[in-house]
Amino acid sequence: MELQIKNVSKTYGKTKKALDDFSLTLTPGVYGLLGANGAGKSTLMNILTDNLAADSGEILWNGENIRRLGKKYRSDIGYMPQQQGLYDNFTANRFLWYMSALKGLQKKDAKKQIPELLEIVNLENEAHKKLGDYSGGMKQRILIAQAMLGNPRILILDEPTAGLDPRERIRIRSFISEIAADRIVILVTHVVSDIECIADRVILMKDGRLIKDGTSVELISSVSDKVFEYKCSKNELESLQKKYICGNILQRKDGMVFRVVSNKCPERFHKCESDLSLEEVYLYYFEYSED
Amino acid sequence: MKLIFYEILKLLKNKFFIFLFICLAAGSIISFSWTQLSFAGSNGYSEEKIFLSDKDSYNSALNEFDGLSAEKAVAKADEKKELYEMCKMIIDEMSIDDTGADTQSALDSFRQQDKATFDKAMSIINENTDFEKKCFLYDYIGKKYRYIQTYDIFINEMENRAERQLEFSIFKDNDAFSENNIKKTVQDYENIKGTVPQAGNFLFAEHGTNFFLTDVMVLSVLFLLCVCLFMQERDKGLLLLVKSSRNGHIRTASAKLITLVIFTAVSVVLFYGTELVVSGIIYGFPDMNVPVQSMSDFMDCSLKISVAEYIVLWLLSKLAALVIIALLFAAVFGLFRSTVLIWLVSIGTLVLEYALYIFIPANSSFCHPHFINLFYFLDSKTLLADYENLNFFSKPINILVIFLVCFLLLSAIFSVISAIAFSRKSQIPSKSIVSSLIEKLQRRFFRINGTVSVFRHELYKRLIHDKGFIILAALLIFAVQVSVQTIDVKYDSLQDVSYYVYLERLEGKLTDEKEQFIQDEQKYFDNLQNEFFELQAKENPSEEDKNRLSNIDNILKGKYQGFQKIMSKYEYLKEQKEKNGTEIWFVNEKKYSTLLTDRDGSTLRFVICGAALILIVGNIFSIEYKRNMKRLLRSSANGKKRLFAAKFGTALFCGTLSFLLIYPPVLIQYLANFKTILIDAPVSSIQELSACGGMTILTFILLLGLIHLIMSELIALFVCSMSELTRNYFLTLMLSTVILLVVYILISGNPELRFYTILGMGRITAFVTGAVVISVIIAVLIIVSKRRYTNDSIRR
């Protein structure tokens, strides 16, 4: 099982390059896609979900071009879009049956899977409630459920935990980890803690290009000598923020900690030894490197 | 001011609005120009035709009368007309029988009638002139000057006429409306005493201010404006944000209303202004300073205004009427959240107003809904040209005053309703008690179950999710109502009754027995006629003779006339037998008219079918865009071609349902009323369908049914394509309505465009060409929408 993205480029209009010779090979596991707004994540997802054609390059699913596979390829993917509107007068049950029909599922398979998925996303008691009456979190969960219909081998999840309370977030994260063993899960989110928890590999995108990929540990260690911190008082914060662009402020028992990401250790700062997270990786690659 | 600026900016930046605005404006101008220019190719003669085909002779004919008094002009026009009539008669006579004594004797009789005119005619007869045209032209000019003559009498005699009327007891009732109205009329016309109408070419104003299709286009623009102004924020979920801001309530609503009024004014200037300019280019601009009464349509006008002032007033009254309608739309958009409800209430109000305007006679005692009516106000030419006083507590109030009051009052009411609804009405949908109850029941009794058929889900979306079942229920009620309705066969005269009594007796295939009956009846009437002549010839008839004579006279005027019609029908059927080899069948055309040749019925069914399908199918694609579902659907295995096909399949299914609820009930109604159908009879037994040859009534009914079914399906496919092309429910509703309305206007104005008329006239080629053109248009629309739907380049 292999999804190969080979030299894919996409330009909007005449100049706006959304993807620039992007290449990546994905095998079963959870992939966290990180990038600033406009980095090309949505374009990549639209191409992967067969919603958009690339200008050049190709995407191979088990060695075959997805454009040629068409319907066959689409029956292998499950997609959960972000900020999704739903049919207000559909019940969750009907919506899942509708998606089963669109995914070309057999009736017996749909009949087996739908209750299971409703239970997984904790909506079994709300199955006959209209989607228009669902809260934001419930809508997210039903969208995850529909993405899982038909046991897709590729799962593309765009901000899956947005709008969920911590309990549901943990529940969904665990679920994603569980199902990732025999499929490719692409997770696009700005909640770096989600990626940190469940992603086997993190892919960093910038200006339509792949700038770094690796495990969370590898990426964090790659910036371990780039993060510096300084214990300060509240009064000092303003002047520090003016001086250093990339800051992360942490509240500790013994006061405030002001963190900067830099190649050189600034005066009065010292190297940060612990508590490093993907946030620092994000800041280093997407904010600092511009300077 | 800033808010208004931003509202205007939003509209101007809305490419779709601008595109549709331009399309509607272009459509209006093209249809206006086409209609005017088509006068040149029309049958017979009209002022427009002569002007457009031979401007020089039209102008020179008019110029001949410059400086003449009305009396002299009338005399001269009559003289000219007689001369050209004589020329025409001579030419006709010569062309009918160009040799022999008959022609000479006819010419002699013409000479005897009027020697001078005859001699003059003979001297110009060889000129290459269309004498019939000249005849019409001078007759027309004569009428113009005759009108000027009578106008003077009409105005100056007003007082005397009033006095004479007041002498009648029905008008002479102290302080009653009739008396007050007569007195007021005299007073009002005092203003224009001494007005002298001028003869001239006023085609510019007559046509430039009288084109209904432009009104339809402008009404569409107003609806479109409301969609853009009031629905944009609602559709994009921005309304809560807007309403949470400091100026987000009354101020925003006011800004929107002012923008609506501004754009209404712009539309009036653009649509009607251009129409006037085009009219001026086609017909030429006349002297605009002459009194408006120079146009004969304005004979009753009591305003002392010139043609130029009339044009300005016409534009202003159009603007006022359209502002009322625009604000009415705005109020409806504010009051209702549901797209369907907004459409139904807006269109329903307009249809109701139009029905009141058309069906309530202007001279009835309950005529107020005819005059205090949006369509009367919109018909600015009639509003300004006619003199009308309405009865308000016995006081006659002029319609122009009423119009002004209505404008101020209705504009204020609708603005307040719209502003309050916008700022106060919750935009968050509330859950109804019924839906909560249904949900509870579902939770209790329904298990997780469903279907994996895309088509069935799409059908559910149309009929249940978007409440299409309500429309189908309404159609079902209509179907039941039609099925049980009694068909009243109306007879116009005694002869008519007699004819149909015979037809009842003879209906069906002609047998020997029936033939014998016809011969017996013929003998009977022959004898009766002989008896009649004998009795008439008697010098001293007895009382008994006189009674008998009167009886026979009655029979000959009634029953015999009916029999004669039967005989001519019999002759016609025999001709058909010889021509087509068909058997002779007597068919009662009045009974069969509801089934075979009902023009009004078929138009009504077209309108109902169109409206139902627009409402049911209109949201079929746009829902996916509104709900932002497209990417999710397209990423699924069946989310591209199959879903597209399922959606069109659903549209076709809805078309079939609508057809079944609209057309077969007419057949059921017929069978319920008359029990049998002469299915084997040739349809050409009905004279109107003579060109159908040997086709039987059954085949014709089936063909009509098939055509109705195809028509329903084409409408469904058309609306479905529009839904994908516009990607917006409101725009689909609006554009589909406008396009089908234009088709309806074309059909209702031209009976030759009906299927059975074309078939009845044997114009199969025209029919096939029309069908092919429509099919190609629909096919192109489907292909374009498929490309758009399955296209890989999605908008960012």
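Q: Two strands pair if DSSP finds at least two bridges between them; what makes strand S7 (residues 154-158) of chain A a partner of S8(A)?
A: This is a predicted model, and in it 5 bridges join S7(A) to S8(A). The cut-off is at least two bridges, so the two strands count as paired. They run parallel, and A:Ile154 stands opposite A:Ile184 in S8(A).

Q: How do you know that S8(A) also pairs with strand S3 (residues 29-35) of chain A?
A: Same test: S3(A) and S8(A) share 5 bridges, and at least two are needed, so this is a pair too. The sense is parallel, with A:Leu33 standing opposite A:Val188 in S8(A).

Q: Why is strand S8 (residues 184-188) of chain A called largely enclosed?
A: A residue is buried if 20 or more other C-beta atoms lie within 10 Å of its own. In S8(A), 5 of the 5 residues count as buried, so the strand is largely enclosed by the rest of the structure.

Q: What makes S6 and S10 of chain A the edge strands of their sheet?
A: Start with the order, which is S6-S7-S8-S3-S9-S10 in an open sheet of 6 strands. Strand S6 (77-80) and strand S10 (209-214) each pair on one side only, and that makes them the edges. The twist from one strand to the next averages 15°.

Q: How do you know that S9(A) and S10(A) are paired, and in which sense?
A: 5 bridges join strand S9 (residues 201-206) of chain A to S10(A); at least two are required, so they pair. Here the strands run antiparallel, with A:Met205 opposite A:Leu210. The pairing of the sheet is mixed.

Q: Which helix packs on this sheet, and which strands does it touch?
A: That's helix H6 (residues 136-148) of chain A, which touches S6 and S7 of chain A. Its direction makes about 170° with that of S6(A).

Q: Over in chain B, why are H12(B) and H14(B) called roughly antiparallel?
A: Helix H12 (residues 212-235) and helix H14 (residues 250-283) have axes that come within 10 Å and cross at roughly 155°. Angles over 145 degrees count as roughly antiparallel, and the pair is therefore put in that class. H12(B) passes H14(B) in a right-handed crossing. Among the residues making the contact are B:Val221, B:Leu222 and B:Leu225 of H12(B) and B:Leu260, B:Phe263 and B:Phe271 of H14(B). By class, that contact has 12 nonpolar, 4 polar and 2 charged residues.

Q: Is B:Asp119 buried or exposed, and how do you know?
A: B:Asp119 is exposed, because it has 11 other C-beta atoms within 10 Å and the cut-off for exposed is 12 or fewer. B:Asp119 belongs to helix H7 (residues 115-124) of chain B. From B:Asp119 to B:Met86 is 33 residues in sequence, and 9.8 Å in space, C-alpha to C-alpha.

Q: What makes the two chains touch, and which elements of chain B take part?
A: Residues are in contact if their C-beta atoms lie within 7 Å. With that rule, 31 residues of chain B are in contact with 42 residues of chain A. Helix H21 (433-445), helix H22 (454-465) and helix H31 (630-634) of chain B each give two or more residues to that side. The chain B side splits into 11 nonpolar, 11 polar and 9 charged residues.

Key. Residues numbered from 1 in each chain as written. Chains lettered and ligands numbered in written order. Predicted model: local features only at pLDDT ≥ 70, side-chain atom pairs only at ≥ 80, totals over all residues. Helix = DSSP H or I, 4+ residues; strand = E, 2+ residues; numbered from the N terminus. Nonpolar A, V, L, I, M, F, W, Y, C, P; charged D, E, K, R; others polar. Axes fitted to C-alpha atoms, helices over the stretch in contact; angles between N-to-C directions. Parallel < 35°, antiparallel > 145°, perpendicular 65-115°, else oblique. Left-handed = near helix turned anticlockwise from the far one by under 90°.
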